[in-house]
Amino acid sequence: MLSIYNCYIDRSDILQLSDISGKRNIMMVISYDGKRYHGWQIQKNAVTLQEVYQKALKKVLGYLPDIKGCSRTDSGVHANMYCISFKIGSPIPCNKLVLAINKYLPKDISALKCIDVDENFHARYSCRGKEYIYKIWNHQIRNPFLDGYALHYWYPLDEYKLDMMAKNYVGKKDFTSFCTFDKRKVGDMTRTVEYFKVYREGNLIIFKVKADGFLYNMVRIMVGTLLRNVRGRGEDINTILSLKNRKYAGPTSPACGLYLNKVFYEGLIL
């Protein structure tokens, strides 16, 4: 017998259910500390979040469904909310499924909730927007408890000036200048930024941005450009946007300060 807390399912029954996987479409919300992972997507020679999550899910179900993640995340990036969808035939109630997978996940990954969704729901393609935050520890003395969780930036920062500058990102614009190009196919570089706020909580400065989508490294480059420009360097943001050339934007900020904070879907309150 396979014990899933208070839900008992025979191992042979689970294996039979794998033949009819796909009856239920499940959306699961997880959070994770990305410090020791090389992003979400499986890689050949590195430990990733998808790999660890899949192993835990397979231990619960006895087979591995096709898993869809809401986005790719870089090495060292964290998530307060990350959404995954997959289709299963198992009758396990959602609350039991969350408890069961948490039993097999490491302490730096946690399943928060899951819900049954429409058969056409896809964690990535059904997404209508995402919110990221970026954390900076703005003090001359580093905080050892924030190592790997916030950028240590010792120069004094004016959060009000940063907030005003960040407003130039808001709107439907071509963000070619704020994208790192790799082997991925270059598509439409237009994104709509709903808001970009910068505020201080003690010695922590928080950058918060919501958009209908983000390009590769977009948030980290946006933050890096603000940090450069607030010191009176480089072209202004509107000029950088118009030039559509990565070389005019600022450096890519380290991954440690970045968190996927919220994921938005039509008709779903998470």
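**Exercise 1. Is aspartate 66 buried or exposed, and what does its side chain meet?**

Aspartate 66 counts as exposed because its relative accessibility is 54%, where exposed means over 50% relative accessible area, buried under 20% and partly exposed in between (1.4 Å probe, protein chains only). Before going on, note that this is a predicted model in which local features need pLDDT of at least 70 and side-chain atom pairs count only at pLDDT 80 or more, while totals for chains, interfaces and linings use all residues. Residues are numbered from 1 along each chain as its sequence is written, and side-chain values use heavy atoms, leaving out hydrogens and water.

Next, look for the partner: the side chain of aspartate 66 meets that of lysine 68 in a salt bridge at 2.9 Å, N to O. A salt bridge here is a side-chain nitrogen of Lys or Arg within 4 Å of a carboxyl oxygen of Asp or Glu. Lysine 68 is partly exposed, at 30% relative accessibility. By this rule, the count is eleven salt bridges.

**Exercise 2. Where do lysine 55 and glutamate 51 lie, and how many residues apart are they?**

Start with the element: both residues belong to helix H2 (residues 49-61). Helices (H or I, at least four residues) and strands (E, at least two) are DSSP runs, numbered from the N terminus. Lysine 55 and glutamate 51 are four residues apart, about one turn of the helix. An α-helix has 3.6 residues a turn, so residues three or four places apart point the same way.

Now check the pair: the two side chains form a salt bridge of 3.3 Å, N to O. Lysine 55 is exposed at 51%, and glutamate 51 is partly exposed at 23%. Buried residues of H2 include Leu49, Val52 and Tyr53. Just after H2, glycine 62 has a positive phi of about 90°.

**Exercise 3. Which residues of helix H4 are buried, and which are exposed?**

First, list the buried ones in H4 (residues 159-166): Glu159, Leu162, Asp163, Met165 and Ala166. They cover an arc of only 165° around the axis, so they sit on the same side of H4; the arc is that of the directions from the helix axis to the C-beta atoms.

Then turn to the other side of H4, where Tyr160 and Met164 are exposed.

Finally, find the neighbours: the buried residues of H4 pack against strand E10 (190-201), strand E11 (204-211), helix H5 (218-229) and helix H6 (237-243), with contact meaning heavy atoms within 4.5 Å.
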